[in-house]
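Subject: Handover of a structure, with notes

Dear colleague,

I am handing over the structure below, together with notes on what was found in it. Please read the notes with the coordinates open beside them.

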Amino acid sequence: LRWLLESAVGAGRPDVLRHLGTVIHAAAQLIADGATEGAVAARIDDIWHHLDFGSVWYGTRQRELAERMVRKFLDWHAANPRELLATEQALRVRVGLVEITGRVDRLEQDELGRGVIVDLKTAGTAPREEELDRHPQLGVYQLAVLLGAFERLGVIEPGGAELVQGGKA
């Protein structure tokens, strides 16, 4: 089955796996900009035929998965009490001789004015609960806040970080 999916269908290729993540991140951006669920679905429909999933049936399955992921994100977004400051926000800070660069999916501000980094995940697995306190990516994001990466947006104190699991996790 793995051979069939990876070789004959192309489901294991990194570019195929990346398509879904790119679509979900773009949908999250549209939602942050105020788009309705219907508008997001229409935009996904507009671009879907440009994506190569290796076969029609696999592309159809991925489209169904994309719909579920967008719905999960919409539900999370509606219940999220924090203020959204920026999406796809670049960061660049130095720690000694090391320069940290990256891009955060969402920068939010909590009720105390602290910066909360939100990272969208589309994978089917999630880190275990006990791993979250030591999650390297979330830790680096919070360090970047502390080092002034988002000072221009008025965020100078970290308020935590959150993984939003859009996939099966």
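The notes below begin with conventions and the overall fold, and then go through the strands, the helices and some single residues.

This is a predicted model, in which local features need pLDDT of at least 70 and side-chain atom pairs count only at pLDDT 80 or more, while totals for chains, interfaces and linings use all residues. Residues are numbered from 1 along each chain as its sequence is written, and side-chain values use heavy atoms, with hydrogens and water left out.

Overall fold

The chain has five helices and four strands, where helices (H or I, at least four residues) and strands (E, at least two) are DSSP runs numbered from the N terminus. Along the sequence they follow the pattern α-α-α-α-β-β-β-α-β. Of the 169 residues in the chain, 36% are buried; buried means under 20% relative accessible area, exposed means over 50%, and partly exposed lies in between (1.4 Å probe, protein chains only). Among contacts (heavy atoms within 4.5 Å) between residues at least 6 apart in sequence, 66% join residues at least 24 apart.

The strands

Strand β1 (residues 83-95) and strand β2 (residues 98-109) run antiparallel and are joined by eleven bridges, two strands being taken as paired if DSSP finds at least two bridges between them. The two form a hairpin with two residues between them, and glycine 96 in that turn has a positive phi of about 65°. β2 also pairs in the antiparallel sense with strand β3 (residues 115-121), over four bridges, and this second hairpin has five residues between its strands, with glycine 113 in the turn at a positive phi of about 85°.

Asparagine 80 lies in the loop between α4 and β1 and, at 13% relative accessibility, counts as buried. Leaving aside residues up to four places away in sequence, asparagine 80 touches Arg106 and Glu108.

Most residues other than glycine have a negative phi. At 30% relative accessibility, glutamate 88 counts as partly exposed.

Helix α5

In helix α5 (residues 136-146), the buried residues are Leu138, Tyr141, Ala144 and Val145. Seen down the helix axis, the buried residues of α5 fall within an arc of 120° (taken from the directions from the axis to the C-beta atoms), so they line one face of the helix. The face turned away from that buried side carries the exposed residues Pro136 and Leu146. What covers the buried residues of α5 includes β1, β2, β3 and β4 (158-165). Just after the helix, glycine 148 takes a positive phi of about 95°.

Aromatic residues

The structure holds two aromatic pairs, for which rings of Phe, Tyr and Trp (its six-membered ring) must have their centres within 6.5 Å, with planes under 30 degrees apart counted as stacked, over 60 as edge-to-face and the rest as tilted. The rings of tryptophan 57 and tyrosine 58 have their centres 6.0 Å apart and their planes at 80°, so this pair is edge-to-face. Tryptophan 57 is partly exposed at 44% relative accessibility, whereas tyrosine 58 is buried at 11%. Phenylalanine 73 and tryptophan 76 form a tilted pair, 5.5 Å centre to centre with 35° between the planes. Both lie in helix α4 (residues 56-79), three residues apart, about one turn of the helix, and both are buried.

Phenylalanine 53, in the loop between α3 (37-48) and α4, counts as buried at 3% relative accessibility. Phenylalanine 53 and leucine 20 are 33 residues apart in sequence and 9.4 Å apart in space, C-alpha to C-alpha.
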